[in-house]
Amino acid sequence: MSTFDLAEAVLLGILIVTAVAITRARSLFVAAMLGGLFSLVTASLFVLLDAVDVALTEAAVGAGISTVLFITALALTNSREATTPRRRVIPAGLVAVLATAGLVYASFDLPGVGDPDSPVQTHPITDTYLRESQEDLHVPNTVTGVLASYRGYDTLGEVVVIFTAGIGVLLLMLGPRRPADEVKDRAYLQTEYRVLRVVSKTLMPFILLFALYVLLHGEYSPGGGFQAGVIFGAGFILYTLMFGLAAVQRVLPMRTLVVLVAVGVLIYAGVGVATMALGGGFLDYNEFNPGNPSGGQVAGILLIEVGVGVTVAAVMVAMFYSLVRRGVRR
Amino acid sequence: MTSQLPALQVVVPLVCAAGCVLLRSAFGAWLLFSVAATASLLTAVALTVQVWDGDVIRYEMGGWPAPAGIELVIDQANVVVLLLLGVIAVIAAAYGRRSIELEVPLRRIRMFYAAMCLLLTGLFGITVTGDAFNLFVFLEISSLSSYALIALGRRRRALLAAFQYLVIGTVGGTFLLIGVGLAFAVTGTLNMADLADRLPAVAGNRAVTGAVVFIFVGLAIKMAVFPLHAWLPGAYSEAPSVVSIVLAAVGTKVAIYAFARFAFTVFGIDVVFTDLPIGEAILVVGSLAMLAGAGVACFQQDFKRLLAWSSIGQVGMIVTGIGLATASGVSAAYLHIINHAVIKGALFAAAGILLIRLGSTSLESMAGLGRRMPLTFGAVVIAGLGLIGVPPTAGFASKWALASALVEDDRWLILIVMLASSLLAMVYVGRIVEVGWFRAPADLDERTAENVDQATAAANPGVVRVREQTSVLMAGPVALLAVASVYFGIDASLPSSLADGAARILTGGGAP
Amino acid sequence: MIATHYTYWIIFALMMIGLYAVMSHGNLVKKLIGLNIFQVAVFMFFISLGRVDGGSPPIITEGIEVYSHPLPHVLILTAIVVGVATTSVGVAIAIRIYEAYGTVEEDNALARDAAEEGTQ
């Protein structure tokens, strides 16, 4: 086995052990933390599997946002431990075993991992995405090219999914506004820890700048609208954790966030409507610059990435706000 | 403009959803939702006209040709579903104007309508797409909005029902994703037409078998096919009335369409029904569903829950038609998709009226309803006759169609099951009739006294404000749907031709 | 066969551990964590389909000829978003359930509903 394969095998082994540990852990806090570890190791595995964009996203979302969500859930539900009633184990185990058997059976006719002659690699669209995209789009990061242009409609769906989740959480978490909440807010401040306070204040602008870089440089290196939005949101969440909801809301009130959530989606859909108005199909960026189609593509891609970034960042922060406000109320 | 219709079918509700969030007023949000619903219906009608003669419309998203890009495909198989979605959306908009005001707190109404627009976006997106992964994305959009909408039900059980649906639904969606992944692994493509071209070359491949099974199980969860139906009774009965109407009328039907699309167009009859015993499996679970659904419905104490179990049985009927894999079977299935949507829409809309007028949907509170609210109860009885399949209702038309398809295929046992389920339907509809006409009106419970004001209702989440009169916006749709359920029984030409067209595309033509 | 397919099998095992966790636990938050594992394992499956031996990340650079396939990456980016969206809505509902029932154990909540029904 080459070193490469060994690294993969080791990571996969760690993942199995972690997954089993999560299932068996009685303490929910341990389970949530191990879940974060699981995502981080998965992100490393993705790097080994050449999926760098995905690794960045999985690290930010899986290890970052998901862990925050679970910890918040634990805090707001005063949960400590989980107990598994005996009766569930048999049917659950049965289903799991059956499904695994089915998958293993199916896998016998799957091409080997890494096989350059597999149907996936030899399909004509591979050439389209890897070679033709360089002439049509001039975007070196082919993942961004496929995501933003060839399969731009799917990415619109992705933005709508995040939008839907944001609406859902707001619908469920928002209650009547009460000024007394501001006072209780202080319970969530970490201001006693000077190191945290100083470091986070220093880091904030760099985090936001990095988010902007990831957004704009997504065409040339791993990155893009979604990762940028998550990083941008994470910056604000960090600030909220350090200095409290009241301080952050002076800069970014909930009302603005709700508007931004919708604005991002409208930017994306608006680009599509604009191309329709210009005579082309929905999301056909060539229409932006008929004389120089690839210029139009670059413009279109940039615009929709901005739309994605805005909605994602706004949804992340808005969700966090609403969860914190819900907790503060009690 | 007409060439952009397929894209607009999805984009208009989407933009309206974003708009609902930006607006300040609840009335404005309702207006936007109505605009989205009406525009969707008009678009669906225009598309129906375009594909009436068997044409197939292909729309390239982003201007990229499939399979590099994503394409939308409109043909007679999905245009039926589009029409149904449009009609139900308009009805929901009209009905919701009063119903939502009384069931959902004022602050949440504009977000509520945003979520409803997103539900429509998701359902339309599933129906028009020609790309397997894209179907998954829009399936998740419709599911996520459903989870949130169901959780807004007035009782705390709505939260449990929504959570249960979330877990089971996500597992289903992930199974679908696994299946799509397996199919992708052996063909290298996600476009449905391209898959249909490439799959015959790898026929007999175990990964393809796995793909079919996982896609079927994943969609079966969304279709609420027995025994994967556990989420449905809670979700349908606890959701706000408008949400129940939309989910019951079109929610599972879109998943049934998606399954039919995968089975007939992508994988093909040979792979799914001849090589694999999927057809037999479907017939078995469909029969079980017919019996279980109707049977359990007989024991329910709550009107909405009774309707939910009845739906499980009716979905079993539709799925049986698909499982026959013959033109007449699929046509019967589509016919019942239309007729059941009309019937159940009427019944759930009536349930919403009962909630507002009586403050409860339990069967006990319906005592003497035939005398207190004769028109509403009359609509319930008419629709109920449709569920049993009494001529000349639409329910009879679709049961007759399914019966002929079963006889054609020598499926006598299933025919007996279908008749048995009709007998059981007689029992549970009979219970409703007995409560409404043969019992004295019950005294109103003090908790739900008339004219409870909004402040009290807001403070006590379980209480719904009770009104003295039914608004015409709510009664109208009930009457319309009840009348339609009889009209389509007497003159089934429109639903039949739509259903036949769909069946022809799916079973006859093969790959588009 | 084993050398080329073992990755798939380990990934399937991870999927099933996640699925088992979802089904066998009654605690709502634990169910969500299990759901997360299940979904992440499916993502790994897709990514492994795009890998090429000796390939590199699909960012076109001077001098590199063999690239891994970008399509699975695009699909999984979307799928990750779907996953976190589902988790967030699930967490919100779970918090509301806690507020309404006082517990996040599914069995306890169902028992309370049944008790309520019994007294009506």
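**Entry 1: α8 and α10 of chain B**

I looked up how α8(B) and α10(B) cross, and the crossing is left-handed. The model I am reading is a predicted one. I noted an angle of about 165 degrees between these two helices, with their axes 9 Å apart. Angles over 145 degrees count as roughly antiparallel, so I wrote down α8(B) and α10(B) as roughly antiparallel to each other.

Next I listed who meets whom. From α8(B) come Val208(B), Val212(B), Ile215(B), Phe216(B), Leu219(B), Lys222(B) and Met223(B). From α10(B) they meet Thr252(B), Ala255(B), Ile256(B), Ala258(B), Phe259(B), Phe262(B), Phe267(B), Val271(B) and Val272(B). I sorted the contact of α8(B) with α10(B) by class: 14 residues are nonpolar, one is polar and one is charged.

**Entry 2: α11 of chain B**

I moved on to α11(B), residues 278-297. This helix has 20 residues. From first C-alpha to last, α11(B) reaches 28 Å, close to the 28 Å expected at 1.5 Å a residue.

Which residues of α11(B) are buried? I found Ile278(B), Ile282(B), Leu283(B), Val285(B), Gly286(B) and Ser287(B) among them. Further along, Ala289(B), Met290(B), Ala292(B), Gly293(B), Ala294(B) and Ala297(B) are buried too. I then checked what covers these buried residues. The cover includes α8 (206-223) and α10 (241-275) of chain B, the pair from my first entry. It also includes α12 (303-324) and α17 (412-437) of chain B.

**Entry 3: chain A by itself**

I turned to chain A and counted its elements: 14 helices and zero strands. Of its 330 residues, 52% count as buried. I took the box of its C-alpha atoms along the principal axes and got roughly 60 × 50 × 35 Å. I also looked at contacts in chain A with a separation of 6 or more. Residues 24 or more positions apart account for 70% of them.

**Entry 4: chain B against chain A**

I looked at where chain B touches chain A. The contact takes 50 residues from chain B and 47 residues from chain A. On the chain B side, α1 (5-22), α4 (109-128), α5 (132-150), α6 (157-187) and α8 each supply at least two residues. α5(B) gives the most to this side, with ten residues.

Helix α8 of chain A, residues 152-173, packs with α4(B) at an angle of about 150 degrees, and their axes are 10 Å apart. I therefore logged α8(A) and α4(B) as roughly antiparallel to each other. Their crossing is left-handed. In this contact α8(A) uses Gly157(A), Val160(A), Thr164(A), Ile167(A), Gly168(A), Leu170(A) and Leu171(A). α4(B) answers with Met111(B), Phe112(B), Ala114(B), Ala115(B), Leu118(B), Thr121(B) and Gly125(B).

Technical notes
Residues are numbered from 1 along each chain as its sequence is written. Chains are lettered from A and ligands numbered from 1 in the order in which they are written. This is a predicted model: local features need pLDDT of at least 70, side-chain atom pairs count only at pLDDT 80 or more; totals for chains, interfaces and linings use all residues. Helices (H or I, at least four residues) and strands (E, at least two) are DSSP runs, numbered from the N terminus. The expected span of a helix is 1.5 Å times one less than its number of residues. A residue is buried if 20 or more other C-beta atoms lie within 10 Å of its own, exposed if 12 or fewer, and partly exposed in between; C-beta atoms are placed from the backbone. Two residues are in contact if their C-beta atoms, placed from the backbone, lie within 7 Å. Axes are lines fitted to C-alpha atoms, for helices over the stretch in contact, and angles run from 0 to 180 degrees between N-to-C directions. Angles under 35 degrees count as roughly parallel, over 145 as roughly antiparallel, 65 to 115 as roughly perpendicular and the rest as oblique. A crossing is left-handed if the near helix is turned anticlockwise from the far one by less than a right angle, and right-handed if clockwise. Ala, Val, Leu, Ile, Met, Phe, Trp, Tyr, Cys and Pro count as nonpolar, Asp, Glu, Lys and Arg as charged, and the others, Gly among them, as polar.
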